[in-house]
Amino acid sequence: MYLTQEEQAMLDGAQGDGTAEAMRLLVRLGESMNAQKMVPISRAHTSAVHYPSDIWYTTKLIRGGAKCKIPPTINPLYDLDYFEKIGKPDPAGEKDLVNKARDIYCRLGVIPTYSCTPELDINVPRTGEFVAFAESSATPYVNAVCGARSNRESAKTALAAAITGRTPLYGYLLDENRRGTVLVKVDAPVRTGLDYNLAGYAIGEKMGAGVPVITGLPENPMPEELLNLGTQLATSSSVAMYHIPGVTPEAPDVETAFHGRPVPGTITVTRADLEGVKEKLSCARGPIEYVMVGCPHYTLGQVIRVAEQIKGRKVHPDVTLWILTSSRTRELAEKMGYLGAIEQAGGHVIAGTCFDFPCYYTLYSGKSGVTDSAKAAFYTPRMKMDFNLETRKRCIEIALNGGY
Ligand code: F3S
């Protein structure tokens, strides 16, 4: 792979061992993907990982003097103070590791957002930008809705890109890999946030890989609906780029989405497909003990809708209601009075954490809950957190009623 003088100097250690380590990772990645060269990035989003091997690696970067040239936003860790406040201090016994990780990532120069939806908040790419976004729910949105160009990065490759300011030119960064590979006809009414979840999951399951050009959805979908669609595409498949003609910036129409070439094939998604996904991912058998929404993190609009539904009512004592969001959204909800409405009803709005963390497994392993996220329902059963999938509105009603 061709490297500029500056990139070669980084690789040779001119900017310290930590930067050289990051560049080494990117060169190996680029070579394995047949990239011809690196390109500068203007934004990045990485994941915060607190397991011992990750701490070992990031400590090595710090000791080598690494610092992010492009300060990235970062995915959730735990809000241990919140767990302490509600009488469940450090449920998974990982406080030291979490605190260590927080310290390391800050020293590396990340922006401590601890949110999985920065592309809807403070790290919003514009069309055509080369970026490096980890987090499987973020990458499809960045590509298909913002029109920026990102590969499906891991925590480490996104961090390496942020440290060096470069990423190898391959995959979704290239025009030819953004061309539509299949026409998807959604032949089902898609109305709720859950419908977008189910449609995304069903499309991904039918495709496995490629770039879908999706038709048949309502006009002008909301950002949260597009986020749901892309999140579930990336959950059931390797797809991190799609076109919705008229929505995706580079696809004003179906023909442009296929770069003017003949449509290679068509698949249809029906209501039965959507119901099939719901049925398959719903595995709660016991009494409902928790309701978890906010995977990906809820936006302010979603938090407001929960507050409006719940205001003046009470969450049933046998159920715990968790609403996951970013600290910025929580803060705004507090200033606007919505946080108070949810808390008075007995709900928890927790910032900067993720369903897929041991703090939740520890509390809910072997127990049943409901969620409006197909991604949460897909990932958590391996740790015996069994979810049923329902719409947001139904999830909240279940929390209020204490079950179905
Ligand atoms: Fe966000 Fe965790 Fe879901 S990172 S998308 S809450 S699995």
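Predicted model: local features only at pLDDT ≥ 70, side-chain atom pairs only at ≥ 80, totals over all residues.
Me: Why is E331 called partly exposed?

Reply: Its relative accessibility is 43%. Buried means under 20% and exposed means over 50%, so E331, at 43%, falls in between and counts as partly exposed. You'll find E331 in helix 13, residues 327–335.

Me: What are the distances between E331 and A351, in sequence and in space?

Reply: They are 20 residues apart in sequence, and their C-alpha atoms are 9.3 Å apart in space.

Me: Okay, helix 7 next. Why is helix 7 said to be largely enclosed by the rest of the structure?

Reply: Count its residues: nine of the ten in helix 7 (residues 155–164) are buried, so the helix is largely enclosed. Each buried one has to come in under 20% relative accessible area. The buried residues are A155, T157, A158, L159, A160, A161, A162, I163 and T164.

Me: And what follows helix 7?

Reply: That's G165, with a positive phi near 75 degrees.

Me: What makes strand 11 mostly covered?

Reply: Strand 11 spans residues 320–325, and five of its six residues are buried.

Me: How do you know that strand 10 and strand 11 pair?

Reply: Pairing takes at least two bridges, and five bridges join strand 10 (residues 288–298) to strand 11, so they pair. The two run parallel, and Y290 stands opposite T320 in strand 11.

Me: What about strand 2 and strand 3: how many bridges join them?

Reply: Two bridges join strand 2 (residues 43–46) to strand 3. The cut-off is at least two, so these strands count as a pair. They run parallel, with H45 opposite T73 in strand 3.

Me: Last topic, the ligand. Which residues surround the ligand?

Reply: The ligand is surrounded by N75, P76, C116, E135, S137, C295, P296, C354 and K375. The space it takes is the largest pocket.

Me: How do the residues of that shell divide by type?

Reply: Into five nonpolar, two polar and two charged.

Me: Which domains does the shell draw on?

Reply: Domain 1 (5–175) and domain 3 (282–401), with at least three residues from each.

How values were computed
Residues numbered from 1 in each chain as written. Heavy atoms only, no water. Near = heavy atom within 4 Å. 1 Å grid on protein atoms, 1.4 Å probe; cavity = no way out; pocket = protein on both sides within 12 Å on 5 of 7 lines; lining within 4 Å. Sits in = over half its atoms within 2 Å of the grid points. Nonpolar A, V, L, I, M, F, W, Y, C, P; charged D, E, K, R; others polar. Domains from an automatic or database assignment. Helix = DSSP H or I, 4+ residues; strand = E, 2+ residues; numbered from the N terminus. Buried < 20%, exposed > 50% of the residue type's maximum accessible area, 1.4 Å probe, protein only.
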